[in-house]
Amino acid sequence: YKQLLATTPKQSDLYVQLLHTRAVVDWWLGKPNAVEQMQKVGNPTAQMLANALEDKKVALQSVLDNPSTPAEMAIAAWYKPEQRSSLLEKAWAMATRSLPDKDSAAIVDAMTKRMNQSTSLDEWLRKPLQPNDPLILRFRRERTGFGVISRHDDSTVPVADFLQVESNAIIATFFSSL
C-alpha cells in the first residue's frame with residue numbers, strides 16, 4: 001500500500017480507496033493508530049466502526065436509536081445486550097437476504113454467545129475462530145471448465161473448483177464493504 005500510495009495521484013478515487021483499505025487492513029492486523037486512520041478515510045462504515053471501537057456513544061447515537069443496515073444492527077447489538085439476539089437475527093436476515101432457518105439460527109446463536117463472552121467489540125470482531133466454529137463460512141469459488149472459444153453443446157457446463165475458502169461470518173456478512 002505504501003508503494004501504491006506513493007505512485008497514485010492524491011486527488012484520485014483510487015488514492016482514497018487505497019487509504020481506506022490500508023486503514024482497515026492495519027486495524028485487522030492490530031497495528032497502532034489504525035482506528036484513527038479509519039476515522040480519517042471518509043468511508044461511513046469505517047468511521048462508524050471506528051467510533052464503536054473507541055466507544056464513542058455520542059457519535060453513534062443515531063445508529064443506536066435507529067439501526068438500518070446490518071453493520072449498524074451489529075453495532076447496536078453490542079450496546080444493547082437485552083436486544084442482542086433479535087438485532088443480530090435481523091441483521092443476518094437483511095445481509096443474507098434470506099428467511100431465518102436452522103443454519104442461520106445456529107450462526108446467530110454463535111454470534112450472540114461470542115458477543116456475550118467478549119470484553120470489547122474489537123475482540124468480538126477480530127478474535128480468531130475455532131476450527132469447527134459455526135461462524136466460519138466455507139465455500140468454493142468456481143470457474144467454467146472450458147475456455148471462451150471451446151464448444152460445449154450438451155449437458156451441464158463443466159466447472160473447475162478451487163480450494164475451499166473460509167471466512168469470518170461476522171466480517172464477511174456485516175462489514176463486507178470494508
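**Group meeting: a walk through the predicted model**

Let me begin with the charged pairs: the count comes to five salt bridges, a salt bridge being a side-chain nitrogen of Lys or Arg within 4 Å of a carboxyl oxygen of Asp or Glu. Before I go on, this is a predicted model, in which local features need pLDDT of at least 70, side-chain atom pairs count only at pLDDT 80 or more, and totals for chains, interfaces and linings use all residues. Residues are numbered from 1 along each chain as its sequence is written, and side-chain values use heavy atoms, with hydrogens and water left out.

Among the salt bridges is one between the side chains of glutamate 54 and lysine 56, at 3.0 Å from N to O. Glutamate 54 is partly exposed at 29% relative accessibility, and lysine 56 is partly exposed at 38%. On the terms: buried means under 20% relative accessible area, exposed means over 50%, and partly exposed is in between, with a 1.4 Å probe and protein chains only.

Another salt bridge joins the side chains of aspartate 109 and lysine 113, at 3.3 Å from N to O. Both residues lie in helix H8, residues 102-117, four residues apart, or about one turn of the helix. Helices here are DSSP runs of H or I with at least four residues, strands are runs of E with at least two, and both are numbered from the N terminus. Aspartate 109 has a relative accessible area of 37% and is partly exposed; lysine 113, at 47%, is partly exposed too.

Glutamate 166 and arginine 138 also meet in a salt bridge through their side chains, at 3.2 Å from N to O. This pair links distant parts of the chain, with glutamate 166 in strand E2 (residues 159-168) and arginine 138 in strand E1 (residues 136-144), 28 residues apart. Glutamate 166 counts as partly exposed at 48%, and arginine 138 counts as partly exposed at 39%.

Now the overall layout. The chain has 10 helices and two strands. Read from the N terminus, the elements run α-α-α-α-α-α-α-α-α-β-β-α. Of its 178 residues, 37% count as buried.

Which residues touch the most other members of the largest nonpolar core? They are Trp27, Leu88, Met111, Leu121, Trp124, Leu125 and Phe174, in a core of 42 residues. A nonpolar core is a set of buried Ala, Val, Leu, Ile, Met, Phe, Trp, Tyr and Cys residues joined through side-chain atoms within 4.5 Å. Helix H6, residues 70-79, gives the most to this core, with eight residues.

Leucine 125 has a list of partners of its own. Leaving aside neighbours within four places in sequence, leucine 125 is in contact (heavy atoms within 4.5 Å) with residues including Trp27, Trp28, Leu49, Leu53, Ile170 and Phe175. Across the chain, residues 24 or more positions apart account for 47% of the contacts with a separation of 6 or more.

On to the rings. A search of the whole structure finds two aromatic pairs. Tryptophan 27 and tryptophan 28 form one that is edge-to-face, with 5.8 Å centre to centre and 65° between the planes. As for the rule, rings of Phe, Tyr and Trp (its six-membered ring) pair if their centres lie within 6.5 Å; planes under 30 degrees apart count as stacked, over 60 as edge-to-face and the rest as tilted. Tryptophan 27 is buried at 5% relative accessibility, whereas tryptophan 28 is partly exposed at 37%.

Tryptophan 92 and phenylalanine 174 form an edge-to-face pair as well, at 6.4 Å centre to centre and 85° between the planes. Tryptophan 92 lies in helix H7 (residues 84-96) and phenylalanine 174 in helix H10 (residues 169-174), so the pair ties together parts that are 82 residues apart in sequence. Tryptophan 92 is buried at 7%, and phenylalanine 174 is buried at 5%.

Last, the surface. Tyr1, Leu4, Val25, Trp28 and Leu29 make a nonpolar surface patch of about 480 Å². Patches are made of residues with over 30% relative accessible area and no salt bridge; like charges are joined within 9 Å, and nonpolar side chains (Val, Leu, Ile, Met, Phe, Trp, Tyr) within 5 Å. Tyrosine 1 is in the segment before helix H1 (2-7) and is partly exposed at 41%. The accessible surface of the chain, by the Shrake-Rupley method with a 1.4 Å probe, comes to about 11300 Å², of which 53% belongs to carbon and sulfur atoms.
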